[in-house]
Amino acid sequence: MKIHIDRELCMGSGSCQFFAPHTFDLDAECKAVVSNPEGDPSTAIQSAASSCPTRAIELVEADG
Ligand code: SF4
């Protein structure tokens, strides 16, 4: 699964990090970054994406 974060949309809520703490991190600008695209189960990553208040996270299936 590929994870794309739109930094313009990200407002640093940290929800993604809450649901998938081994996948998402916040950088010095309080914007989400992917620390490890396979850090958490895909269900947790999907929860993280759907929890994003600004819909900044896009998930793309690797073979899709
Ligand atoms: S949940 Fe969305 S807005 Fe919040 S830190 Fe993650 S990407 Fe940014």
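Residues 24 or more positions apart account for 57% of the contacts in the chain with a separation of 6 or more; two residues count as in contact if their C-beta atoms, placed from the backbone, lie within 7 Å. The model is a predicted one, where local features need pLDDT of at least 70 and side-chain atom pairs count only at pLDDT 80 or more, while totals for chains, interfaces and linings use all residues. Numbering starts from 1 along each chain, as its sequence is written.

Next comes the overall layout. The chain has two helices and four strands, and from the N terminus on they run β-α-β-β-α-β. Helices (H or I, at least four residues) and strands (E, at least two) are DSSP runs, numbered from the N terminus. The C-alpha atoms of the chain fill a box of roughly 30 × 20 × 15 Å, taken along the principal axes. As for the radius of gyration, a compact globule with 64 residues would come out near 11 Å, and the 10 Å of the chain agrees with that. This radius is taken over C-alpha atoms, and the globule rule is 2.2 Å times the number of residues to the power 0.38. Of the 64 residues in the chain, 22% are buried. A residue is called buried if 20 or more other C-beta atoms lie within 10 Å of its own, exposed if 12 or fewer, and partly exposed in between, with C-beta atoms placed from the backbone.

Now for the inside. The largest nonpolar core holds 13 residues, and Cys16, Ala20, Ala48 and Ile57 touch the most other members. Such a core is a set of buried Ala, Val, Leu, Ile, Met, Phe, Trp, Tyr and Cys residues joined through C-beta atoms within 7 Å. Helix 2 supplies the largest share, three residues.

Helix 2 deserves a look of its own. Its buried residues are Ile45, Ala48 and Ala49. They cover an arc of only 95 degrees around the axis, so they sit on the same side of helix 2; the arc is that of the directions from the helix axis to the C-beta atoms. The buried residues of helix 2 pack against strand 1 (2-5), helix 1, strand 2 (24-26) and strand 4 (57-60).

Cys16 belongs to helix 1 and counts as buried because 28 other C-beta atoms lie within 10 Å. Leaving aside neighbours within four places in sequence, Cys16 is in contact with Phe24, Ala32, Ala48, Ser51, Cys52 and Ile57. Cys16 and Ser47 are 31 residues apart in sequence, yet 7.9 Å apart in space, C-alpha to C-alpha. Ile57, for its part, touches Ile3, Ile5, Cys16, Ala48, Ala49 and Cys52, not counting residues up to four places away in sequence.

Then there is the ligand. It is surrounded by 15 residues, and the closest are Cys10, Ser13, Cys16, Ala32 and Cys52; a residue is near a molecule if its C-beta atom, placed from the backbone, lies within 6 Å of it. The shell divides into nine nonpolar, six polar and no charged residues. For this tally, Ala, Val, Leu, Ile, Met, Phe, Trp, Tyr, Cys and Pro count as nonpolar, Asp, Glu, Lys and Arg as charged, and the others, Gly among them, as polar.

Cys10 lies in the loop between strand 1 and helix 1, and is buried, with 21 other C-beta atoms within 10 Å. Not counting residues up to four places away in sequence, Cys10 touches Ile5, Lys31, Ala32, Thr54 and Ala56. The C-alpha atoms of Cys10 and Pro53 are separated by 8.6 Å, although the two are 43 residues apart along the chain.

Most residues other than glycine have a negative phi. Cys30, however, has a positive phi, near 65 degrees, and is found in the loop between strand 2 and strand 3 (32-34). Cys30 is exposed, with 11 C-beta neighbours inside 10 Å. Arg55 also has a positive phi, near 55 degrees, and sits in the loop between helix 2 and strand 4. With 10 other C-beta atoms within 10 Å, Arg55 is exposed.
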